[in-house]
Amino acid sequence: MIKNKKMVKGIALAAMLAALAAGGTAAYLTDFETATNSFTVGKVDIELDEPNWKPDDNTKIVPTQVIKKDPFIKNRGINEAFVYLEVSVPVRNVITAAQDGTRNALTKTELFSYTKNKEWTQLERKAIGQNMVYTYAYNHILKPGEKTTTLFNTVTFANIIEGQLDTQQLDMPVRAYAIQSTNTGEDKTTIPEQAAAAYQKYVNQNKGLSGGVTK
């Protein structure tokens with residue numbers, strides 16, 4: 001009798017399992033996992049320095065005087081960047097003297113001259129107001145922590161005939177710009193070409209803003 005009961009239970013269990021299989025009900029071993037991908041936004045941050053420029057030493061300049069002025073840029077950010085220096089040279093309608101002392105004709109003259117260092121490429125030269133504005137691109141991508149060479153080391157005051165600009169304050173502002181080097185240089189071959197393409201993107205992005213180029 002007991003043996004028959006066990007047989008009945010066994011048949012019932014087998015029937016239940018068969019019914020579950022027939023109905024398509026099944027239990028699956030499952031698991032899931034979440035991956036959180038964190039991104040930190042980069043930062044372009046530059047510093048303009050002129051360590052040898054001493055404004056207090058240049059309040060009584062004379063014609064042909066050579067003045068120490070040595071602008072360069074340091075990358076203080078965390079992204080590589082194309083960097084640029086813009087120099088505004090004052091222009092006045094004056095009479096100058098040649099090296100032998102001969103007087104030249106009255107003409108518009110850039111009051112300061114300099115020799116550009118070879119690591120920089122001139123992008124633009126344009127007259128704006130009473131200034132001739134030059135824009136230069138550095139010939140290398142500037143990595144975080146690196147600094148450029150100086151654009152120039154000295155400037156020379158023009159050989160102005162006395163009595164024309166006496167006691168006037170003459171400003172020669174220098175401005176620095178930077179833009180990320182990733183995805184801005186287009187498909188240009190050389191770094192100066194890439195920098196020139198990226199510069200136009202900088203100009204377009206900062207029109208009318210405080211960081212815009214001199215217009």
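A salt bridge here is a side-chain nitrogen of Lys or Arg within 4 Å of a carboxyl oxygen of Asp or Glu. This is a predicted model: local features need pLDDT of at least 70, side-chain atom pairs count only at pLDDT 80 or more, and totals for chains, interfaces and linings use all residues. Residues are numbered from 1 along each chain as its sequence is written, and side-chain values use heavy atoms, without hydrogens and water.

**View 1. Glutamate 124 and lysine 126 form a salt bridge.** The N to O distance is 3.2 Å. Glutamate 124 is partly exposed, at 26% relative accessible area (buried is under 20%, exposed over 50%, partly exposed in between; 1.4 Å probe, protein chains only). The structure holds four salt bridges.

**View 2. Lysine 69 pairs with glutamate 50 in a salt bridge.** Their closest N and O atoms are 3.0 Å apart. Lysine 69 sits in the loop between S2 and strand S3 (72-75), and glutamate 50 in the loop between strand S1 (46-49) and S2, so the pair ties together parts 19 residues apart in sequence. Helices (H or I, at least four residues) and strands (E, at least two) are DSSP runs, numbered from the N terminus. Lysine 69 is buried at 6%. Glutamate 50 is buried at 18%.

**View 3. Glutamate 186 forms a salt bridge with lysine 201.** The closest N and O atoms lie 3.1 Å apart. Glutamate 186 is exposed at 55%; lysine 201 is partly exposed at 29%.

**View 4. Three strands form an open antiparallel sheet, ordered S2-S9-S6.** Strands pair if DSSP finds at least two bridges between them. S2 (66-68) and S6 (112-113) are the edge strands. S2 and S9 (residues 154-157) share three bridges. Valine 66 has threonine 156 in S9 as its bridge partner.
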